[in-house]
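Subject: Structure handover

Hello,

Here is the structure for you to look at. Please open it before you read on.

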Amino acid sequence: MTQRALTPPDPTRTDVGLAFFSTWHVGTPERQRATVEAISRAWESRDWPHAGLLSYSVYEGEDGATLMHHSQWRDEQAYEDFFAHGRDQRNADIDAAVPGIERLGLHKTRRYRSVTPGSGTAGAFVLVEVDFDGPDADRQRAWVDTVLAALASDPAPAPGLLGAHFHLSTDGRRVLNYAEWRSARDHDEALAAPGAGVGSPTPQWRGVREFPGVARDDRVKRYRFAYGVTPAGPRA
């Protein structure tokens, strides 16, 4: 059975083997809401599609034009089974309700490391995409290790940062940081703080800025949780 999730998923659950992130462009806040409603009908009108799918969540972009999808999977075989037998039926229903959705891409990732400096309820979710100039799994891990060492060197974490969860794309070309913030205001204040984060003059943050092979056009998008579903059962 399929049931609605009232809270976002736990990024650190130990039974997740793969995490998928994708973005849809829908154009307007009205179409955002209509698409989320269509997604809810497409999912809740059907049984849970596969035991290997652990959660599925949708987030509304603060730009009023995009949706981010985040799904957690036990392993790749579970996703392949779903892709072959259930994905297109749901998408067909959604497209019929909201024509013209532009699907911008899908990132298949594995969570590598997380840091959770705060506690509380997240009201804003920030996805940071960092690209490299070629596939290199060792470099992905080394870059994340460098960032986390720099974060650990800060005398105090950014107020309002609840968690940063670093995911490595399976093609070796990208790192995605799925970050949970208490509020959008907290995130704005952290970005505006002088000498904070990547802008810090410390040797640790200089190592992040000068890390070789990293593209310098990081993409940062902020979202709010809009909808989620899980299989009915103890983990829901």
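Below is what was found in it, taken region by region.

One thing to know at the start: this is a predicted model.

**The largest nonpolar core**

Start in the interior. In soluble globular proteins, nonpolar side chains tend to be buried together. The largest nonpolar core here has 23 residues. Which of them touch the most other members? They are I39, W43, V58, W73, I94 and Y227. Several elements each supply at least two residues of this core: β2 (18-25), α1 (29-44), β3 (53-61), β4 (66-73), α2 (76-85) and β9 (219-231). Helix α1 gives the most, with 5 residues.

Take I39 as your way in. Set aside its neighbours within four places in sequence. I39 is then in contact with W24, Y56, V58, L67, H69, I94 and Y227.

There is also a second, separate core, with 21 residues. V130, F132, L168 and V175 are among them.

H69 is found in strand β4. Is H69 buried or exposed? Its relative accessible area is 5%, so H69 is buried. The side chain of H69 makes a polar contact with the side chain of Y56, at 2.8 Å. Not counting residues up to four places away in sequence, H69 touches F20, F21, S22, W24, I39, Y56, S57 and V58.

S40 lies in helix α1. S40 counts as buried because its relative accessibility is 12%, and the cut-off for buried is under 20%. A polar atom of the S40 side chain lies 2.6 Å from the backbone oxygen of E37. Leaving aside neighbours within four places in sequence, S40 is in contact with R4, S45 and Y227.

**Strand β6: F125 and D131**

Two residues of strand β6 come next. The place of F125 is in this strand. F125 counts as buried because its relative accessibility is 2%. Which residues does F125 touch, not counting residues up to four places away in sequence? The list is P8, Y59, Y178, A179, E180, K221, R222, Y223, R224 and F225. Y223 is 98 residues away from F125 along the chain, and the C-alpha atoms of the two are separated by 5.0 Å.

D131 is found in β6 too, a strand that covers residues 124-131. D131 is a charged residue by class. D131 counts as buried, at 15% relative accessibility. What does its side chain make polar contacts with? One partner is the side chain of R174, at 2.6 Å. Another is the side chain of R219, at 2.9 Å. Not counting residues up to four places away in sequence, D131 touches R173, R174, G213, V214, A215 and R219.

**E180 in strand β8**

The place of E180 is in strand β8. At 13% relative accessibility, E180 counts as buried. Leaving aside neighbours within four places in sequence, E180 is in contact with P11, A122, A124, F125, G160, L161, L162, G163 and H165. For a contrast, look at M1. The C-alpha atoms of E180 and M1 are separated by 29 Å, and the two are 179 residues apart along the chain.

**The largest pocket**

Finish with the empty space. Rolling a probe the size of a water molecule over the atoms shows where empty space is left. About 1100 Å³ of space lies in the largest pocket. How many residues line the largest pocket? The lining has 41 residues. L151, W181, G197, V198 and W205 lie nearest the centre of this pocket.

β6, α4 (137-153), β7 (161-169), β8 (174-181), α5 (184-192) and α6 (203-209) each supply at least two residues of the lining. Helix α4 gives the most, with 5 residues. By class, the lining has 31 nonpolar, 5 polar and 5 charged residues.

Best wishes

Methods. Residues numbered from 1 in each chain as written. Predicted model: local features only at pLDDT ≥ 70, side-chain atom pairs only at ≥ 80, totals over all residues. Heavy atoms only, no water. Core = buried A, V, L, I, M, F, W, Y, C linked by side-chain atoms within 4.5 Å. Buried < 20%, exposed > 50% of the residue type's maximum accessible area, 1.4 Å probe, protein only. Helix = DSSP H or I, 4+ residues; strand = E, 2+ residues; numbered from the N terminus. Contact = heavy atoms within 4.5 Å. Polar contact = N/O pair within 3.5 Å; in protein donor to acceptor, adjacent residues only side chain to side chain. 1 Å grid on protein atoms, 1.4 Å probe; cavity = no way out; pocket = protein on both sides within 12 Å on 5 of 7 lines; lining within 4 Å. Points joined across faces, edges and corners; volume = space filled by probe spheres on them.
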